[in-house]
Amino acid sequence: MTRFMKWLGVVVVIFIAAPLVIVVPMSFSTARSLQFPPPGYGLGYYQAYFSDPSWLIPTWNSIIIATATTVLTMLLVVPATFALVRHQFRGRSIADLMMLMPLAVPSIVMAVGYYSYFGAMGIVHTHIGVVLAHTALAVPIAFLVLSANLKGFDRTLERAAMSLGASPTKTFIHVTLPILRPGLIISALFAFIHSFDETVVSIFISGRNAETLPRKMFDSIRQEADPVIAVISTLLFALVLLGLVGPRLVAALRNRRPRVQAA
Amino acid sequence: MTGLSNMTERKNLWPWLLLTPLAVFLVVFFVVPLIDVAVMSFTEPRLTFANYERALTGTLYQKVFINTFLTAGFVTLCCLLVGYPLAYLMSVSSQRTAMLILLLVTMSFWTSFLVRTYAWMVLLGTNGPLVWLFQAVGITNPPQLLFTRFSSTLAMVHILAPYMIMNIYSVMRKIDPVLVRSAESLGARGGSLLRHVYLPLTAPGIANGCVLVFVICLGFYVTPVLLGSPREQMIAGLIGTQLDEFLAFGMGSALAMVLLVFTMVILTIYHRHFGLDKLWG
Amino acid sequence: MPKFTLDPASLMTPSRRTFLKATGLAAASTLAAPYVARAEDNVLYINTWGGPWDEAARAHLFDPFTAETGIKIQTLSPVSFAKLAQQVHTGTYEFDITTLGGGELVRANEAGIIEDLEAPYEGGLFENGVASHAFATVMAWRTDKIKEGPKTWAEFWDVERFPGGRSLQRYAARVLPIALLADGVEVKDLYPLDLDRAFESLDRIKDHVRVWWTAGAQSTQILRDGEVDLIGIWHGRYFEAEKAGAPVAMTWNQGEIDRAYWVVAKDTPNAENAKKFIAFATSAKPLAEFVMQADYGALNPASNEFIPADAAARMPTAPANYSQTFEQDMANFGGDPAEASERFEEWLAS
């Protein structure tokens, strides 16, 4: 049984890895369309991506929108998280639950709502509209990450600082923030990625002036399966790899440094 | 005495002050749009219950709802069948192997839905690697894979499996090897080891993973639209068509509300038993 | 019984407007006002069909127009009637100009979602759309799978003689007449359409239609890459696959002709420039060059003197081709086209 489970596990590893691996060779293909094995290899589609405004503008839009979403999300979520984690008050558990609601409602439902509501406000197809929608949807994720960090926070350090005469503000700036920094960064990163990846709401509300990369990709896959998508997929994939392996690599190199010096 | 109570009073104002900006924001940009959907479902094109009547009794809509539930159930089951062995493999492998597999799963998790959907389009296409493989082993007339129920289901399982794997792995790695060994020494082997040791201990992870996968799958838009055929539409795709093709906001909203209610019922049941914050935690 | 209504007046009922106002959004809207559609003097947004259509229009209509007037042109695709109606009612414009087929034009004009236009050339105006070019939905097939292709839609429906996966457009107004021809109806008896009979005919082919294509580029891709073996496709899209070197063939026989009309979205801040553009795009020479590159048939008769005979032979309006084809008759459709397309969607899902 256990051996069988192991082999099944290996098959699953292949199943998970194959789609991630396949887009890489496709992105270097010279074929006009999806063709395997590629008839030749080249950088043609990379060149096409980096020179075509119809791909670069959505990429840029996505970066701007995700950045603005991150800033807005953090401005709203950080104080609220402090309130919810550190203070006891009536209605706290309900407030806790409400924070998670945007994650519980299916995206397509929100897409219907934003399409009509922002339409009435005249902000569909604008950066502002997409940022507002993405912020509402990113709140739960940023909150979950940050509150987990804050719950594990050792408050004796703050008390120690205060007992040594530091004002609450000073304590916050010199003790609380530095310790929370990794949590804040990860929380902000999650908000950024959530906005950058968000597809369904963007499809409906990011129009001509604020078209995001996922919307452009969706349209392109639906309409013509343009091989440039393989390029973007490879680039996004490389970013994820870098984000996951990078920190570990840096840590490993740091640990190794003394030994390298010794040698 | 009075001073102290004053302090508590003041202290109690703080959380509200800190919460207000977010609360106002969520009301204006989350709750109101959601209410708008609810209102539209009764008022578009005129004050009526007809949208609901149609959404719940029309043959097309019933069919799509049933299909959505069956697909979500099937995808959840597949994710479990795929995720459990992998989580098991990770928990019994060396730390290094487990790390590598975890890295792979996390990578898949963080790679955009669209990229993974596109990858399946590449893999399953008429000129794709799978057909090429078929031909290499002598199958000259391979079956149509793309734009079928098979292709969209497969891609959804692939996209949602990481949720399941991570949930199960997080409980499985906490299983004490001593417990497993002592169970084995008492004669538990194979199936009975799985049934009496692993399943009960990993049940919370399974429940978490299943609810999460099922709920996400219920509202899945991108993959069924891109990889499926109109015969096996899911509800989110149909809502999209209502808006984009027919401009039927009322009907689209009614369908969205029905989807929302189903989702909320499932999540409420989960919340009663486990607490909603555990689901994504 | 409510319908999938396309009546844009129903998009925003008074009750909903009141509701939105009551939620205090007036303030938020004011904040956002600077971002809302304003007249952009130097940019026109045009809703296009994408692909080769876009390239030809860019080369012969858009760029020359920009050179002449200094007005830049941006495009987005695919063409969407629903978007046109939606944007007129929200006041947020994704595009100023689009092209519509005859049936949609009639509906758009009735609904009052397009600007009143004047005829830029004699006989060029129909229901506030300016006639630009003709295109046809024809049958095409992969020659590596099928040696001798079908000649009629009835043969296209014949899965015994022509085994293989098929594709048709997910568009009721074009597919239903084809289904009737496949069932043996004569062209002269086609309109008004016998919808029940059309759906019965579609039932027979349903299992063999692997893809219901929704965008022109998609139809080219699946034919070129061999995802399907037979397809009902716009002739320009067919030529694109042929140019890409795919083993494909087509017939003009029983091709279904549509006319494309330029229209301007009602009340767009760029209406004046939009009208200027349409006059330019339907003038003799630019139109001639555009249709030559994209293989459409020019509807401004003055264009014909610029079109050499060999180029005309690839157009659906060339006499030899035209005689084999039939025209859409939206005025005599045989029922409400919106209802028919709703029924078509239901049929697709069942």
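Modeller: A salt bridge is a side-chain nitrogen of Lys or Arg within 4 Å of a carboxyl oxygen of Asp or Glu. The model is predicted: local features need pLDDT of at least 70, side-chain atom pairs count only at pLDDT 80 or more, and totals for chains, interfaces and linings use all residues. Residues are numbered from 1 along each chain as its sequence is written, chains are lettered from A and ligands numbered from 1 in the order in which they are written, and side-chain values use heavy atoms, with hydrogens and water left out.

Colleague: Which helices of chain C each supply at least two residues of the side that touches chain A?

Modeller: Between chain C and chain A the count is one residue pair in polar contact, both at pLDDT 80 or more (N or O atoms within 3.5 Å; within protein, one must be able to donate a hydrogen and the other to accept it, and residues adjacent in sequence count only if both atoms are side-chain atoms). The helices (DSSP runs of H or I, at least four residues; strands are E runs, at least two; both are numbered from the N terminus) that each supply at least two residues to this side of chain C are α1 (14–22), α2 (25–32), α4 (81–90) and α9 (216–224).

Colleague: What area is buried between chain C and chain A?

Modeller: Here 29 residues of chain C are in contact (heavy atoms within 4.5 Å) with 23 residues of chain A. Carbon and sulfur atoms give 54% of the buried area (accessible area, 1.4 Å probe, lost on putting two parts together, summed over both). The area is about 2300 Å².

Colleague: What area do chain B and chain A bury between them?

Modeller: In this interface, 80 residues of chain B are in contact with 84 residues of chain A. Carbon and sulfur atoms carry 85% of the buried area. The total is about 7500 Å².

Colleague: Which helix gives the most to the side of chain B that touches chain A?

Modeller: The count between these chains is zero salt bridges, and the rule finds five residue pairs in polar contact, both at pLDDT 80 or more. The helix in question gives 20 residues and spans residues 2–43. In chain B this is helix α1.

Colleague: Is C:Ala85 buried or exposed?

Modeller: C:Ala85 sits in helix α4 of chain C. Its relative accessible area is 0%, so the class is buried.

Colleague: Is C:Ala320 buried or exposed?

Modeller: C:Ala320 lies in helix α14 (residues 319–322) of chain C. Its relative accessible area is 56%, so the class is exposed.

Colleague: What share of the residues of chain C counts as buried?

Modeller: Chain C has 15 helices and eleven strands. Of its 350 residues, the buried share is 60%.

Technical notes. Buried means under 20% relative accessible area, exposed over 50%, partly exposed in between (1.4 Å probe, protein chains only).
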